[in-house]
Structure formats: C-alpha cells, structure tokens
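Please prepare a briefing on the pockets of this protein and on the surroundings of its ligand. The structure comes before the notes.

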Amino acid sequence: MVHRLTNMNQNNLSFEDTEIAFRHCSDADLKRAYWLFRVININFLVKIGPPITNFAMKLGLPIKGLIKATIFKHFCGGETIRECENTIRSLQQGNVGTILDYSIEGQDDELAFDNTRDEIVRTIKRAVKDKSIPITVFKVTGTIRFGLLEKLDEGAALTPAEQEEWQKAQDRVLSICVKAHSVGIPVMMDAEETWIQKTVDALAMNMMQRFNKEKAIVYNTYQLYRHDKLQSLKDDHASAQKNGFILGAKLVRGAYMEKERKRAEEKGYPSPIQPDKQSTDRDYDAALAYCIDHIDQIAFVAGTHNEESCRLLAELLNKKGIDHKNPNVYFSQLLGMSDNLSFNLANADYNVAKYVPYGPIKAVLPYLFRRAQENTAIAGQMSRELSLIVKEVGRRRLVN
Ligand SMILES: Cc1cc2nc3c(=O)[nH]c(=O)nc-3n(C[C@H](O)[C@H](O)[C@H](O)COP(=O)(O)OP(=O)(O)OC[C@H]3O[C@@H](n4cnc5c(N)ncnc54)[C@H](O)[C@@H]3O)c2cc1C
C-alpha cells in the first residue's frame, strides 16, 4: 500500500539553513568542530596524521584522550552503546534517527568474530521499542574472515577445516538476522570490496528470502560506482518478486574506488568501476527512481551526502504523492557529516537516520582517518563541511 502524502513543507526544502543543521550543537560543540575541520582541511597534516598516530599508539603514548576529545568525539558516538546515548538523544531532538554502527575493523580470529556478532545483537536489542533507532547495520567482514570470503568468491575448493569455518561464519550471520526478525528491527549488510562481494550478496539474498516475507528485515547494499549494480538491483527485485519477498536495499555510490581500480590494473582484469563520476551519479539517481517506482516491493535507504541525489529523492517522493514517513524510504548520512542535509530533510518530515559509529578507539582509527581524508581541502578550497561550519559560526558570531 502506498502511503499518501500528508506533509507540509514540500516545496521549500533548503540545504543551506545552517541554523537547523547545527541546532543540536552547543556553541562549544561548534567551536570544537570549527577548529577540528580547520586542521583537517590541511592536506599535509591529514597525510602525516595516521602514521604519527599509529606510531604513538604503538609506543603507548597517552594520546587516546586527545583523540577521544577531538576527532573521535566529532565522528563517533562513543566506545560503547552506553556512551552513544547522548548522541542518540541529541539526534532525536532534531527528528533524526540513529543507526548504531559497531565499527571495529581488521580482526581475524574466531573469538573476535563471535564477540562482534554478540555486539551486533546488542545493537539490535537496543533498538527494540525505540523509534529513534529505526535500523541497524553490520559489516560481514566483522564476523567472517576476509580470506575465506575471497576464496569463496573465487570459487576455490575449501579444505575440511575451512568448510567448518564457513559453516560457523554463516551461522553468525544467521543468528544476527534471526534476532533482527524476532524483534522486527531491520538490519543492513554493508558492501565491501568486489572480490568478496559475490559471496556477501548471495548470503544477503538468502537471508532476505528467509526473513523478508512480511516486511524488509534484511537489506543488502548496492554500490552504484560499479557499472553492473543498477542491473543487479533490478535482477534482485525480479527474484524477490518471483520468490515472494520484499527486497531491502541500501543504495550508496561506493567507498573503495581507488583500491578497486588499482587491483584491476595490477591483476589485469577490466575495472568494475564506472568510467567517470557522471556515470556513477547517473546510475545512483536511476536506482533511486527505480526503488521509488517499486516502493511497495523495495524498502530502501539512500546512503549519500550528495545534495542533488537527496533533492532528487525528496522531489520524487513529492511527485509520486508518497508520504514522507513511508517506512520503505530513508535518507542516511554519517555522524558529523552533512548535517545540513540530515536536519533539513528531517525538518521537512522525511525519514532520516545517521550512522553513529562506535567502538574502542584503536579499532575505530582507520574509520577516523578515512573521514579526515574525505574532508581535506579540495583544490585549495575549504571543504564543504568546513564552509558550512564557518557559516554557522559567523551566524552565531562565535569567532572573530
Ligand atoms: C549512510 C551511509 C552508508 C554507507 N555505506 C557504505 C557501504 O556499505 N559500502 C560502501 O562501499 N560505501 C558506503 N558508504 C560510502 C559511500 O559509498 C560513498 O563513498 C560516500 O557516501 C560518498 O558518496 P556520496 O553519494 O555521498 O556523494 P559524492 O561525494 O557525490 O560522490 C563521491 C563518490 O562518487 C564516486 N566517484 C567519485 N569519482 C568517481 C569517478 N571518477 N568515477 C566513478 N565514480 C566516482 C565514488 O563512489 C565516490 O565515493 C556509505 C555512506 C553513507 C552516507
């Protein structure tokens, strides 16, 4: 059933309103963000930051406190779910939901994978009966060894020990989805490198077939920087139709472009990535339109900081007369980024939820370095994020 439009604020959506965007930030928060982004804007510092930080951590220098009070505080909710509570409440005040993202990376042993599974289950439990946490998420490589997924993707034969490992790994994913289904909380599976993604996709489709009969519980992620993914979305939709389940889809452009291109070149196979940004944008926007056209059969989350794509999706909802609060469509951004999109969309009554990464500082460092890199100055200009903060700082007359 299509939810009909009941909303006000349909035609006056502005992403420039920094008062709404930063209403959840105190003056002190904003000043901290201002200085943080001024530092991040300096390419040189962002380049030397990761090796210096890793070296200092290895030496046991007391820099954890400094990281926790600065870059970690801006981009993460805390080290534990409990530490994220303030962030959850603060987002909720602006009608923005939370997606707790346990961002631990680079683990490789069975005990760590079991612990990650248990933590993901805790995020699902935390979401129960709390409208401010509408969706949950996990990375398959947090629960399954990368090398094993790679071998499966290649179609190589597994040793008996690896077969056992694979069975245990699938059971971990299954238990996460069983929990999500039992409490009715959707769970998304992030997309990663193409050379493990076939296996991840198959796993996700299998879980959807089991758990998405009445509503979308499991969502897979489609990276539209891949030239084959618009078609995959359509094929998976056809398969969902045929097999009687609802497709859950997170649409993103994709985060591993350079790595993908480099590997393809080194190994001598055609790059899986689109030839240029324009082609990625075209397919991303086409995927949004496709999901909107099948809103009763596809539940989707638009994971993007791209203003034009957000505007397009907002317009498509209005044009088709779909209620902004239709549970099958969400906008999503990362904590500490593009608040101008998240809070202005939420203010216009659209469904919005932000990823709130959390975890032990050391394990979250790679995530923080990526955020810093994304926000360095582009061609000598201020990053978009810094220019928005500068605008709000000026409006509040905080810094002379
Ligand atoms: C809520 C959320 C969840 C996410 N989950 C995932 C995930 O599970 N897996 C994942 O891989 N990423 C994920 N991402 C990251 C995402 O894929 C993008 O890297 C990031 O959001 C930047 O893209 P954009 O749509 O925000 O906007 P833009 O800044 O407009 O787009 C930048 C993106 O365009 C593409 N691009 C840039 N230059 C070119 C070029 N020359 N040729 C082809 N394509 C190009 C790249 O994908 C690049 O990241 C997520 C992002 C968000 C906000």
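Helices (H or I, at least four residues) and strands (E, at least two) are DSSP runs, numbered from the N terminus. By that assignment, helix α16 (residues 361–374) gives the largest share of the lining of the largest pocket, namely five residues. This is a predicted model, in which local features need pLDDT of at least 70 and side-chain atom pairs count only at pLDDT 80 or more, while totals for chains, interfaces and linings use all residues. Residues are numbered from 1 along each chain as its sequence is written, and side-chain values use heavy atoms, with hydrogens and water left out.

**Largest pocket**

- On a 1 Å grid over the protein atoms alone, a pocket is an open set of points where a 1.4 Å probe fits, with protein on both sides within 12 Å along at least five of seven lines, and lining residues have an atom within 4 Å of a point.
- The largest pocket has a volume of about 1,800 Å³, a volume being the space filled by probe spheres set on grid points that are joined across faces, edges and corners.
- Its lining comprises 50 residues, of which G254, A255, H305, R371 and E374 lie nearest the centre of the pocket.
- That lining divides into 14 nonpolar, 18 polar and 18 charged residues, where Ala, Val, Leu, Ile, Met, Phe, Trp, Tyr, Cys and Pro count as nonpolar, Asp, Glu, Lys and Arg as charged, and the others, Gly among them, as polar.

**Ligand and its shell**

- The ligand sits in the largest pocket, a placement that requires more than half of its atoms to lie within 2 Å of the grid points of the pocket.
- The elements that give two or more residues to the shell around the ligand are β4 (218–223), β5 (247–252), α12 (257–267), α13 (277–293) and β7 (329–334), and β7 gives the most, with three residues.
- The ligand is surrounded by 25 residues, the closest being R253, G254, T280, T304 and H305, where a residue counts as near if one of its heavy atoms lies within 4 Å.
- The shell divides into eight nonpolar, eleven polar and six charged residues.

**Polar contacts and burial**

- Among the polar contacts (pairs of N or O atoms within 3.5 Å), a nitrogen atom of the ligand is 2.9 Å from a polar backbone atom of A191.
- A polar side-chain atom of R253 lies 2.7 Å from an oxygen atom of the ligand, and for T304 a polar side-chain atom lies 2.7 Å from an oxygen atom of the ligand.
- Taken alone the ligand exposes 930 Å², of which the protein buries 81%, with accessible areas from the Shrake-Rupley method and a 1.4 Å probe.

Conventions:
Polar contact = N/O pair within 3.5 Å; in protein donor to acceptor, adjacent residues only side chain to side chain.
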